[in-house]
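Hello,

Here is the structure I promised to pass on to you. Please have a look at it, and read my notes below whenever you have a moment.

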Amino acid sequence: MRNDDSSGQTAWRKAEAKRLLTFAKASRLPAGFGSLDGQGRLPAAASADTLNTARMTHCFAMAHLQGSPGCLELVEHGVAALLDPLRDARHDGWYAYHDGHGDPGKAAYLHAFVALAASSAVVAGCAAAGGLLQAATQIIERHFWDEEEGAVREAFDQGWQHQEAYRGANSNMHATEAFLALADVTGDSVWLERALRIVERIIHGHARGNGFVVIEHFDRHWQPVLDYNIDHPADGFRPYGSTPGHSFEWARLVLHLEAARELAGLASPAWLLPAARGLFASACTHAWHADGAPGIVYTLDWDNRPLIRQRLHWPHAEASAAAAALLQRTGEAQYQQWYRCFWAFIETHLVDRNDGSWHHELDPGNHPSTTIWSGKPDLYHAYQALLLPDLPLARSLASGLARANVTK
């Protein structure tokens with residue numbers, strides 16, 4: 001079944017997606033895409049970076065597949081940037097910033113997004129995307145995927161000689177997302193097996209025994225490091241404690257994995273759906289309205305008490321997407337109720353009708369703030385949340401959109 005019964009909501013999502021795209025197009029720079037400020041402008045010192053370039057390329061590929069004019073050229077621009085100025089010509093792989101400025105290391109998190117962008121660009125028909133896809137998969141297989149661990153290594157120095165003595169759930173979560181897209185575009189089920197192994201380790205192995213609260217930080221031997229970043233609890237990528245937004249994100253990815261494996265004729269363990277339910281329920285129970293005000297807090301301590309109480313836009317986008325996925329998978333009314341609850345919050349507090357896009361951060365009183373994130377650089381979470389309710393759980397988002405257009 002579809003995730004809501006209102007044609008008006010579908011029309012609203014389409015209009016909102018178009019509004020977000022219009023705002024995001026201003027992020028283009030000669031060497032890729034950069035971070036926009038709160039009014040949708042590029043700061044004077046703006047520099048292209050791999051994360052924004054990959055995410056924008058992925059989103060513009062999906063927009064092109066929806067028939068949005070001018071977006072294929074933006075996809076081609078993003079692919080060209082990822083093939084040259086953002087790529088390390090000497091050692092291969094991708095810098096965080098143009099020409100390695102400030103950080104010449106190689107992170108799994110970024111490479112997962114490069115692979116995702118490449119896969120979506122291939123589906124969109126970008127001529128150079130095949131070369132980017134091949135380069136990205138080769139780097140993942142050569143350096144990041146660890147067959148013995150059944151997960152990805154976190155990060156290396158520029159020359160791939162030294163790796164970080166850390167393992168992260170976040171990078172592996174986005175590797176799972178990328179692997180699902182790679183399996184779809186290449187037809188190689190090895191990526192589905194790898195995605196399952198990641199989920200087995202992080203969700204079935206660790207989160208299940210922790211009340212389906214995701215443990216984010218591990219040492220090199222996959223032992224939890226619960227006090228990681230205790231002195232920097234509001235870190236934008238590796239905060240101390242648990243991150244409920246990731247529980248929602250994992251819940252959705254678990255359902256995509258189950259559906260993708262079924263479509264490929266592969267058996268799936270029976271625990272995938274209960275895991276998705278458990279992840280969603282734990283995040284709703286502990287993080288929604290946790291401090292007496294509406295919204296999802298950014299982090300919780302290990303007693304599930306609100307720690308960093310800012311409300312970021314991306315957990316709400318992921319919560320709505322997870323509710324939509326669970327509704328599609330189960331048909332249960334509770335998920336439709338949560339779906340409507342999350343979107344009511346988004347429309348009331350996050351959608352910025354004055355300056356465009358969504359507020360990326362709210363303070364504990366749900367007023368715009370910039371404690372953790374400044375500006376509005378991220379299209380990816382919000383745009384996907386607007387598309388997912390109308391797409392099947394199997395196949396990548398790009399392929400789902402391509403098939404939807406063929407059947408219209």
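The expected span of a helix is 1.5 Å times one less than its number of residues. Please keep in mind that this is a predicted model.

Helix α2 (residues 50-65) has 16 residues and spans 22 Å from its first C-alpha to its last, close to the expected 22 Å. Of its 16 residues, 15 are buried, so α2 is mostly covered. Where α2 starts, a side-chain oxygen of aspartate 49 comes to within 3.2 Å of the backbone nitrogen of leucine 51. Just beyond the other end of α2, glycine 67 has a positive phi of about 95 degrees.

Helix α10 (residues 313-330) has 18 residues, and its reach of 26 Å is close to the 26 Å expected. The rest of the structure largely encloses α10, because 15 of its 18 residues are buried. Just after α10 comes glycine 331, with a positive phi of about 75 degrees.

Next, the aromatic side chains. There are 24 aromatic pairs in the structure. One of them joins phenylalanine 237 and tryptophan 373: their ring centres are 5.4 Å apart and their planes stand at 85 degrees, so the pair is edge-to-face. Phenylalanine 237 is partly exposed at 36% relative accessibility, and tryptophan 373 is partly exposed at 28%.

Another edge-to-face pair is made by tryptophan 288 and tryptophan 338, at 6.4 Å centre to centre and 90 degrees between the planes. Tryptophan 288 sits in the loop between α9 (272-287) and β9 (311-312), while tryptophan 338 belongs to helix α11 (residues 333-350), 50 residues away. Tryptophan 288 is buried at 16%, whereas tryptophan 338 counts as partly exposed at 23%. Both tryptophans are members of one aromatic cluster, together with Phe248, Phe280, Tyr335, Phe342 and Phe345.

Two arginines also lie over aromatic faces. Arginine 194 is 4.7 Å from the ring centre of tryptophan 191, and arginine 238 is 4.0 Å from that of tyrosine 166.

Finally, the charged pairs. The count comes to 25 salt bridges. Among them, glutamate 193 pairs with arginine 261, with 3.5 Å between the closest N and O atoms. This pair connects helix α7 (residues 190-207), which holds glutamate 193, to helix α8, which holds arginine 261, across 68 residues. Glutamate 193 is partly exposed at 32%, but arginine 261 is buried at 4%.

Arginine 277 and glutamate 332 meet in a salt bridge at 2.6 Å, N to O. Arginine 277 is in helix α9 and glutamate 332 in the loop between α10 and α11, so this bridge ties together parts 55 residues apart in sequence.

Aspartate 291 forms a salt bridge with arginine 311, at 2.7 Å between the closest N and O atoms. Aspartate 291 is in the loop between α9 and β9, and arginine 311 is in strand β9, 20 residues away. Here aspartate 291 is partly exposed at 24%, while arginine 311 is buried at 0%. Elsewhere, salt bridges with shared partners join Glu16, Arg19, Glu347 and Arg353 into one network.

Conventions:
Residues numbered from 1 in each chain as written. Predicted model: local features only at pLDDT ≥ 70, side-chain atom pairs only at ≥ 80, totals over all residues. Heavy atoms only, no water. Phe/Tyr/Trp six-rings, centres within 6.5 Å; stacked < 30°, edge-to-face > 60°. Buried < 20%, exposed > 50% of the residue type's maximum accessible area, 1.4 Å probe, protein only. Helix = DSSP H or I, 4+ residues; strand = E, 2+ residues; numbered from the N terminus. Lys NZ or Arg CZ within 6 Å of the ring centre and 35° of its normal. Polar contact = N/O pair within 3.5 Å; in protein donor to acceptor, adjacent residues only side chain to side chain. Salt bridge = Lys/Arg side-chain N within 4 Å of Asp/Glu carboxyl O.
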